[in-house]
Amino acid sequence: MTTTPVVRALGDLAHDSAHAGATACACAPPQVLADRPDGTVVRSGPVVAKAHASDSEPPALAARLALAASPRLEGILLPALPAPDGPPGSTEGRTVSLWPYGTPVDPSDPDAAPWEEAAVLLARLHRTPPPHPLPPMGGPVKAARAVARMCAARPGDPAVAPVLAAWRGLPGWARAESPAPGHRNGFLCHGDLHLGQLVRHPARDGPWLLIDLDDTGLGDPAWDLARPAAWYAAGLLPSGTWLRFLDSYRAAGGPAVRAEGDPWSGLDVVARALTVQTAALALTKSAAEDRSPDEVEQLMIDACVRIASLPPELVSERAS
Amino acid sequence: MIQCPKCHAQMNTYNRNGVQIEQCSGCRGIFLDYGELESLTRLESQWAQQAPQAYPAAPPAPQAYPAAPAPAWGAPHQGGHHGGHHRQKSFGRMLFSS
């Protein structure tokens, strides 16, 4: 990976923060954990420095960082370290935050992933009254961006048609065109849950915590269950794993789905949105790599084909 | 126009194979008049009798887990872990990306 100025600056920040004042050390070189337009993350020993997306709004990010520091969220969200130049710092025009390093989920063993713990953390997050004003949860905006990127990556390509048709069948609030219905809104939500958003802190054996608050805010808590729900509905996630996740969420009193019975009245819209988002990203990525979607990506696209073929009156406009 | 007994929103009428059903524009609940459920059941059994000619019945797939409810657009074969190494690897990447 090419070392960019942002990566170098983050590595220096993380290293300096890990042991301020030291003149010489035998630290391993900083390690790039992610380098994307929506977030560059570099680790040095116990400290991780993150440059947020260049279009992220500093007041919104400050509210999200304050949320992680709130005593109400202790044991749920990983709190940030004090930022380099007071909260928050900046590198190359991008806002920077510092975090303690936590041990991530082992990507080579998704079966051993902490599905139950993730579900309980989400239920606790959703049940926590917001301690201060927060921006809306970023899930619908993320889905809309994924669709726009797909259209830009594959102009005139008929492959996008079923994904777009499934997208157009969603209610406006799931496409970031209007606020979520009042009775579903106003819950604390992570906004971008996947298995990369969990770490053990303190590393390696501490409790699991949620990280990456760039999309965190107020909204419909079902959105945080939508990605696993979409994987399950598309036939990727085994039903046993899905039920472990869902049952743990329900047992912890999570408000996104009814306590008993069919959960899909609360999940249908959001799972369709995440199916569209995932299929759109798959078509964008495969176009950039000049290849066809692989078997797994195709399953998400196939799910969009089925969504697009549903009679409109049998698609629930909104969950209970 | 009928009003939904549950949420009081307006109900719209649809025709499904000659059977009128009322669906609420708010909560999406469905209202069936007297005899309509029986009509739908009859249509379903007619369909089931016709179906085997077009689609021979497949042997039931072994179920490693109890069946969980799924949406109307869910995959016909809830698989999960079937498929080769490549599929596992690709799904592994998907589990960890935004």
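## Domains

Domain bounds here come from an automatic or database domain assignment. On that basis, chain A of this predicted model splits into domain 1, covering 5-100, and domain 2, covering 110-314. Their C-alpha centres sit 26 Å apart.

## Where the domains touch

Contacts link 18 residues of domain 1 of chain A with 18 residues of domain 2 of chain A. On the domain 1 side, helix H2 (residues 58-69) of chain A supplies the largest share, with 6 residues.

## A three-stranded sheet

Chain A also has an open sheet of 3 strands, ordered E6-E8-E9 and paired antiparallel. Strands E6 (103-104) and E9 (208-210) of chain A are the edge strands; each has a single partner strand, so one side of each lacks a neighbour in the sheet.

Looking at one pairing, E6(A) and strand E8 (residues 198-200) of chain A run antiparallel and are joined by 2 bridges. Pro104(A) has Val199(A) in E8(A) as its bridge partner.

## A proline in a loop

Now for Pro133(A), which lies in the loop between helix H3 (115-127) and helix H4 (139-153) of chain A. Is this residue buried or exposed? Pro133(A) has 8 other C-beta atoms within 10 Å, and a residue counts as exposed at 12 or fewer, so Pro133(A) is exposed.

For a sense of distance, take Pro133(A) and Gln298(A): they are 165 residues apart in sequence, and their C-alpha atoms are 40 Å apart in space.

Note on methods:
Residues are numbered from 1 along each chain as its sequence is written. Chains are lettered from A and ligands numbered from 1 in the order in which they are written. This is a predicted model: local features need pLDDT of at least 70, side-chain atom pairs count only at pLDDT 80 or more; totals for chains, interfaces and linings use all residues. Two strands pair if DSSP finds at least two bridges between them. Helices (H or I, at least four residues) and strands (E, at least two) are DSSP runs, numbered from the N terminus. Two residues are in contact if their C-beta atoms, placed from the backbone, lie within 7 Å. A residue is buried if 20 or more other C-beta atoms lie within 10 Å of its own, exposed if 12 or fewer, and partly exposed in between; C-beta atoms are placed from the backbone.
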